[in-house]
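Thanks for coming, everyone. Please have a look at the model on the screen, and then we will walk through it.

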Amino acid sequence: MIPRHFYIAVSILLAAVLGMTIYGWHMRGRAAATPAASVDTRPVVAPIAGPTEQVTLFVAYDDVGILHTQAAHIPLPSVRQQRAEELLRALIALYLDKSSPHPLPPGSDIRSVYLVDPGLAVIDVNAAFADGHRSGVLSEELTVASLIQTLAANIPGILKVKILVEGKERETLAGHADLSAFFDVSAVSQLSAQLQSVQ
């Protein structure tokens with residue numbers, strides 16, 4: 001005959017297994033219902049060594065279709081090319097914020113800025129920046145003008161700008177803004193002034 005305490009022990013074990021199974025299904029359901037956090041695929045950039053300086057960012061506002069100047073204090077290195085990169089990274093960080101007036105796709109970043117004398121700057125953006133950019137004439141033009149004006153306002157001597165995607169030429173940003181040619185900074189400044197005055 002099987003002792004009574006053996007039946008009690010087996011019953012307790014079966015109840016524990018059943019309880020753990022129900023708990024596991026419950027946790028699995030909660031995990032499936034929880035939205036996955038967006039992953040930032042941008043490479044980690046080394047901290048910038050340099051004094052904090054006040055810079056002028058030209059920030060695009062989609063709702064009214066204008067550019068506004070905004071002062072920012074960011075650490076800037078002494079090397080001109082690195083200064084240019086950090087300026088544009090500060091601008092993009094603004095656009096990646098949840099409350100951005102001109103949202104850019106997650107993972108957008110500046111790969112590099114090349115300053116070629118005399119007066120030429122080449123901005124190289126990553127694929128996430130261009131591939132996920134919202135299509136539309138105004139949205140794309142605001143992005144281009146914002147980048148160029150921010151760079152030209154803070155790095156003296158830039159007369160022309162070329163924009164590349166992953167180091168290669170591209171016809172348009174997202175179907176409208178022409179990236180095949182060089183941008184004349186003075187023409188973009190005039191457009192920017194018009195966009196600022198339309199309020």
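By how much of a helical turn are Glu85 and Arg89 separated in helix α2? About one turn, because the two are four residues apart in that helix. Keep that pair in mind.

Some ground rules. This is a predicted model, where local features need pLDDT of at least 70, side-chain atom pairs count only at pLDDT 80 or more, and totals for chains, interfaces and linings use all residues. Residues are numbered from 1 along each chain as its sequence is written, and side-chain values use heavy atoms, with hydrogens and water left out.

Now the overview. The protein chain has five helices and six strands. Helices (H or I, at least four residues) and strands (E, at least two) are DSSP runs, numbered from the N terminus. Starting at the N terminus, the order is α-β-β-α-β-β-α-α-β-β-α. Of its 199 residues, 37% count as buried. Buried means under 20% relative accessible area, exposed means over 50%, and partly exposed is in between, with a 1.4 Å probe and protein chains only.

Next, the sheet. Four strands form an open sheet in the order β3-β4-β5-β6, and the pairing is mixed. β3 (110-116) and β6 (183-184) are the edges; each has a single partner strand, so one side of each lacks a neighbour in the sheet. Two strands count as paired if DSSP finds at least two bridges between them. Strand β4, residues 120-125, and strand β5, residues 160-165, run parallel over six bridges. Within that pair, Ala121 sits opposite Val161 of β5.

Helices pack here too. Helix α2 (residues 80-96) packs on the sheet and touches β3 and β4. Its direction makes about 140° with that of β3. Helix α4 (residues 137-154) lies across β3, β4, β5 and β6, at about 130° to β4. Contact means heavy atoms within 4.5 Å. Axes are lines fitted to C-alpha atoms, for helices over the stretch in contact, and angles run from 0 to 180 degrees between N-to-C directions.

What about β1 and β2? They form a hairpin with four residues between them. Gly65, in the turn, has a positive phi of about 65°. Strand β1 (residues 52-61) and strand β2 (residues 66-75) pair antiparallel over ten bridges. Phe58 has Thr69 in β2 as its bridge partner.

Finally, charges. How many salt bridges does the structure hold? Nine. A salt bridge is a side-chain nitrogen of Lys or Arg within 4 Å of a carboxyl oxygen of Asp or Glu.

Back to our opening pair. Glu85 and Arg89 form a salt bridge, with their closest N and O atoms 4.0 Å apart. Glu85 is buried at 11% relative accessible area, and Arg89 is buried at 17%.

Another one: Asp131 and Arg170 meet at 2.9 Å, N to O. Asp131 lies in helix α3 (residues 127-131) and Arg170 in the loop between β5 and β6, so this pair ties together parts 39 residues apart in sequence. Asp131 is exposed at 53%, while Arg170 is partly exposed at 27%.

One last pair. Is Lys162 buried or exposed? Buried, with a relative accessible area of 3%. Its salt-bridge partner is Glu169, at 3.7 Å, N to O. Glu169 is exposed, at 60%.

That's the tour. Over to you.
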